[in-house]
Amino acid sequence: MGLDYPGLLADLRHESEQLVSCLSGLSATQWNLATPAAGWNIQDQVSHLAFFDDIARLALSDPERFRRKADDLMAGGMNFPDRIAAEYRTKTSKEILEWFVEARPQLLTAFAGNDPARRLPWFGPDMSVASSATARLMETWAHGQDVYDTLAMPHPPSPGLRNIAHLGVATFAFAHSIHGIDVPDQRVRIELYSPEGEVWPWGPDNSDNRIEGPAQDFVLTVTQRRHWTETALTVRGAVAKRWLDIAQAFAGAPSRRTVPR
């Protein structure tokens with residue numbers, strides 16, 4: 001899949017605007033509702049997005065300062081997202097929303113002014129500017145999903161699904177490595193269906209390991225918002241099944257969505 005960088009940024013802007021529209025209508029009580037992320041309410045989800053928007057912009061503008069900040073955060077353990085969430089619980093929901101509404105356009109402007117191929121530091125391996133933008137899109141979609149699930153609302157249609165799915169495919173080796181599992185030699189064939197019925201393929205057509213189904217279900221899986229057995233995905237082959245059990249499109253400590261009882 002060739003890179004359409006302006007299109008990627010447009011997808012990120014669209015997903016951001018959809019989430020802000022939802023958040024803007026919430027009451028103070030709703031901001032305090034517990035989300036599917038253990039110990040996090042809706043306000044924590046949004047402070048997480050705003051904080052890492054600012055951190056991503058720091059990586060773009062001052063990589064050395066970012067490295068120092070990242071080292072400080074990780075020195076206290078890989079649970080630093082929980083510590084950040086706790087730190088900002090003294091803020092009001094209005095302040096958190098204003099922070100996110102300010103931070104996201106600033107980040108989009110910074111992305112637009114950068115070479116998409118430029119390398120940036122991050123909490124895992126270095127990544128390109130384009131990959132950083134894709135990661136922010138994935139994070140917005142995933143944490144937005146937590147908000148929509150909490151409110152029992154459907155996730156609004158997202159034109160960014162293909163970019164997030166591509167990130168999920170691209171993190172195949174990463175997901176195995178952080179779980180201490182040798183990266184399989186066998187490649188997986190993935191055929192996902194867009195909401196409009198278009199087929200998005202990855203991998204060799206003759207592979208015995210195959211994943212087919214709705215693109216949204218694959219994205220729910222690689223962001224660990226659903227286990228693949230909770231979705232309409234059809235999965236064949238031991239390599240494909242083991243991958244989806246540990247699939248992780250986000251940086252940080254190894255994590256997995258447990259199979260529901």
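Trainee: Where does D71 lie in this predicted model?

Mentor: D71 lies in helix 4, residues 63–75.

Trainee: Why does D71 count as partly exposed?

Mentor: Its relative accessibility is 48%. Buried means under 20% and exposed means over 50%. The value for D71 falls in between, so D71 counts as partly exposed.

Trainee: How far apart are D71 and F123, in sequence and in space?

Mentor: They are 52 residues apart in sequence. From C-alpha to C-alpha, D71 and F123 are 8.5 Å apart.

Trainee: Turn to helix 6. How do you know what span to expect for it?

Mentor: Take 1.5 Å times one less than the number of residues. Helix 6, residues 93–112, has 20 residues, so it should span 28 Å. Its end C-alpha atoms are 29 Å apart, which agrees.

Trainee: Which residues of helix 6 are buried?

Mentor: Among them are I96, L97, W99, F100, L107, L108 and F111. S93, A103, R104 and A110 are buried too.

Trainee: What makes you say where these buried residues sit around helix 6?

Mentor: Look down the axis of helix 6: the buried residues fall within an arc of 155°, so they line one face. On the other side, K94, E102, T109 and A112 are exposed.

Trainee: What covers the buried residues of helix 6?

Mentor: The cover includes helix 1 (5–24), helix 2 (28–31), helix 3 (42–61) and helix 7 (129–150).

Trainee: How do the axes of helix 1 and helix 6 cross?

Mentor: They come within 11 Å and cross at roughly 175°. Over 145 degrees counts as roughly antiparallel, so helix 1 is roughly antiparallel to helix 6.

Trainee: Which residues meet between helix 1 and helix 6?

Mentor: From helix 1, they include Y5, L9, L12, R13 and S16. From helix 6, they include L97, F100, V101, R104 and L108.

Trainee: What is Q186 in contact with, leaving aside neighbours within four places in sequence?

Mentor: Q186 is in contact with F172, N209 and V239. The C-alpha atoms of Q186 and A112 are separated by 37 Å. Those two residues are 74 residues apart along the chain.

Definitions and conventions:
Residues are numbered from 1 along each chain as its sequence is written. This is a predicted model: local features need pLDDT of at least 70, side-chain atom pairs count only at pLDDT 80 or more; totals for chains, interfaces and linings use all residues. Side-chain values use heavy atoms; hydrogens and water are left out. Helices (H or I, at least four residues) and strands (E, at least two) are DSSP runs, numbered from the N terminus. Buried means under 20% relative accessible area, exposed over 50%, partly exposed in between (1.4 Å probe, protein chains only). The arc is that of the directions from the helix axis to the C-beta atoms. Contact means heavy atoms within 4.5 Å. Axes are lines fitted to C-alpha atoms, for helices over the stretch in contact, and angles run from 0 to 180 degrees between N-to-C directions. Angles under 35 degrees count as roughly parallel, over 145 as roughly antiparallel, 65 to 115 as roughly perpendicular and the rest as oblique.
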